[in-house]
Amino acid sequence: MTKRSEVIAFPVKNRLRDIQRCADMLETLHGDQANRFWRDECRALAAHLTELGYDETAMREEVMEFQNAVQTTLWAQSQTEEAARRDTY
């Protein structure tokens with residue numbers, strides 16, 4: 001008898017290279033380019049997770065966690081840059 005197995009993938013919020021890559025791109029892009037890049041990245045991630053067998057709810061949760069991780073990285077980078085600017089005065 002074959003049992004259906006659940007797909008367990010490496011959580012996207014822990015994909016540090018992808019998170020840093022997106023944060024770096026969002027630091028350099030602005031306006032429509034940044035929005036388009038971010039939408040494309042999130043859509044591609046959603047499609048990839050769906051291909052892996054994630055249901056709609058699990059896929060959305062993973063994408064939201066990835067978005068939060070990128071936003072947290074952007075915030076942390078801005079704090080580091082701000083501290084560096086303060087130290088130069």
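Thr28 has its place in helix α1, where helices (H or I, at least four residues) and strands (E, at least two) are DSSP runs, numbered from the N terminus. The model is a predicted one, in which local features need pLDDT of at least 70 and side-chain atom pairs count only at pLDDT 80 or more, while totals for chains, interfaces and linings use all residues. Residues are numbered from 1 along each chain as its sequence is written, and side-chain values use heavy atoms, with hydrogens and water left out.

Thr28 is exposed, with a relative accessible area of 54%; here exposed means over 50% relative accessible area, buried means under 20%, and partly exposed lies in between (1.4 Å probe, protein chains only). The side chain of Thr28 reaches the backbone oxygen of Met25 at 3.0 Å.

Of the 89 residues in the protein, 26% are buried. Among the contacts in the protein with a separation of 6 or more, 62% come from residues 24 or more positions apart, contact meaning heavy atoms within 4.5 Å. The protein exposes about 6900 Å², of which carbon and sulfur atoms supply 52%, with accessible areas taken from the Shrake-Rupley method with a 1.4 Å probe and, for residues, only the protein chains shown counting as cover.

The next stop is helix α2, which runs over residues 31-52 and has 22 residues, reaching 32 Å from its first C-alpha to its last, close to the 32 Å expected at 1.5 Å a residue; the expected span is 1.5 Å times one less than the number of residues. In α2, the residues Ala34, Phe37, Trp38, Cys42, Leu45, Ala46 and Leu49 are buried. They lie on the same side of α2 because they cover an arc of only 160 degrees around the axis, the arc being that of the directions from the helix axis to the C-beta atoms. On the face of α2 turned away from its buried side are the exposed residues Asp32, Arg43 and Glu51. Just after α2, Gly53 takes a positive phi of about 110 degrees.

Ala34 counts as buried at 12% relative accessibility, and, leaving aside its neighbours within four places in sequence, Ala34 is in contact with Leu26 and Leu29. Leu49, not counting residues up to four places away in sequence, touches Val12, Tyr54, Met59, Glu62 and Val63.

In soluble globular proteins, nonpolar side chains tend to be buried together. The largest nonpolar core here has 20 residues, and those with the most contacts inside it are Leu26, Trp38, Leu49, Val63, Phe66 and Val70; such a core is a set of buried Ala, Val, Leu, Ile, Met, Phe, Trp, Tyr and Cys residues joined through side-chain atoms within 4.5 Å. At least two residues of this core are supplied by each of α1 (16-28), α2 and α3 (56-87), and α2 gives the most, with 7 residues.

Thr73 is buried, with a relative accessible area of 18%, and, not counting residues up to four places away in sequence, Thr73 touches Ile19, Gln20 and Ala23. The side chain of Thr73 also reaches the backbone oxygen of Ala69 at 2.9 Å.

Conventions
Polar contact = N/O pair within 3.5 Å; in protein donor to acceptor, adjacent residues only side chain to side chain.
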